[in-house]
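User: Could you walk me through this model, beginning with the ligand site and then the backbone?

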Amino acid sequence: MSRFTLHVRISLWLLLFSLGLSVSGFSQNTSTLTITGEVTTPLDLTLQKLSAFKQVSQKVKDRDGKEHEFKGVALIELLEKAGVTTGSKLRGENLAKYVLIKAADGYEVIYSLAEIDPEFASQVIILAIEKDGQPLPAGEGPFRIITPNDKKPARWIREVRSIKVAFAKD
Ligand SMILES: Nc1nc2c(c(=O)[nH]1)N[C@H]1C(S)=C(S)[C@@H](COP(=O)(O)O)O[C@H]1N2
Ligand SMILES: [Mo]
């Protein structure tokens, strides 16, 4: 093979590789997260919109006992933006509301509103967009819930796509 052909081949590979990278980066950046159900304002959030909210971080240990620092937005802030019954409105029948969180792989978890509201809970549940200073990788992000006080990370749902607020009672 001539040096020229080799050069062309390497350039083509590099081009394809960087195209692949930008396509996967693009799909991460355009992923959206919806907040619907018992809300006054349904939300359609992107990574960019989430970056505009106040950022908080949480240091937690993963299931292997390794410490990580997750950064993102307090879940309560997002629910408040969507007009969910929080704070002084979280009483009476509203205490029977929960949030159902669904991921890209079909995994689902729930939290009751009282578990998320700071007037009840002492922990701050976050919708993380960064881990150890980097955007969450594909398969984990772009959005992941972190619940620092849960002793097991099973509700730290990765690849969150939707959050729906609903009544548990009829
Ligand atoms: N989307 C999604 N999130 C998920 C899971 C899953 O299967 N799908 N598994 C959960 C469980 S059971 C655990 S123990 C943790 C594992 O987190 P890790 O992958 O960071 O170790 O993710 C949680 N989040
Ligand atoms: Mo797990």
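Predicted model: local features only at pLDDT ≥ 70, side-chain atom pairs only at ≥ 80, totals over all residues.

User: Which residues surround ligand 1?

Analyst: A residue is near a molecule if one of its heavy atoms lies within 4 Å of it. Here the shell holds Arg63, Ala103, Asp105, Tyr107, Arg144, Pro153, Ala154, Trp156, Ile157 and Arg158. With Ala, Val, Leu, Ile, Met, Phe, Trp, Tyr, Cys and Pro counted as nonpolar, Asp, Glu, Lys and Arg as charged, and the others, Gly among them, as polar, that shell has six nonpolar, no polar and four charged residues.

User: What lies 2.8 Å from a nitrogen atom of ligand 1?

Analyst: A polar contact is a pair of N or O atoms within 3.5 Å. A polar side-chain atom of Asp105 is at 2.8 Å from a ligand nitrogen, and one of Arg144 is 2.9 Å from a ligand oxygen. Trp156 uses a backbone N or O atom instead, 3.0 Å from a nitrogen atom of the ligand. Alone, ligand 1 exposes 530 Å², and the protein buries 76% of that (Shrake-Rupley method, 1.4 Å probe).

User: How are strands E1 and E2 joined?

Analyst: Strands are DSSP runs of E, at least two residues, numbered from the N terminus, and two of them pair if DSSP finds at least two bridges between them. E1 (residues 33-37) and E2 (residues 43-45) run antiparallel with three bridges, and Leu33 stands opposite Leu45. A hairpin of five residues links E1 to E2.

User: Does E1 run parallel or antiparallel to E10?

Analyst: Parallel: four bridges join E1 to E10 (residues 160-167), with Thr36 opposite Lys164.

User: Where is the cis peptide bond?

Analyst: The cis bond, with omega of about 0 degrees, joins Gly141 and Pro142. Pro142 belongs to the loop between E8 (134-135) and E9 (144-146).

User: Which residue has a positive phi although it is not a glycine?

Analyst: That is Asp132, with phi of about 50 degrees. Look for Asp132 in the loop between E7 (126-131) and E8.

Key: Residues numbered from 1 in each chain as written. Chains lettered and ligands numbered in written order. Heavy atoms only, no water. Polar contact = N/O pair within 3.5 Å; in protein donor to acceptor, adjacent residues only side chain to side chain.
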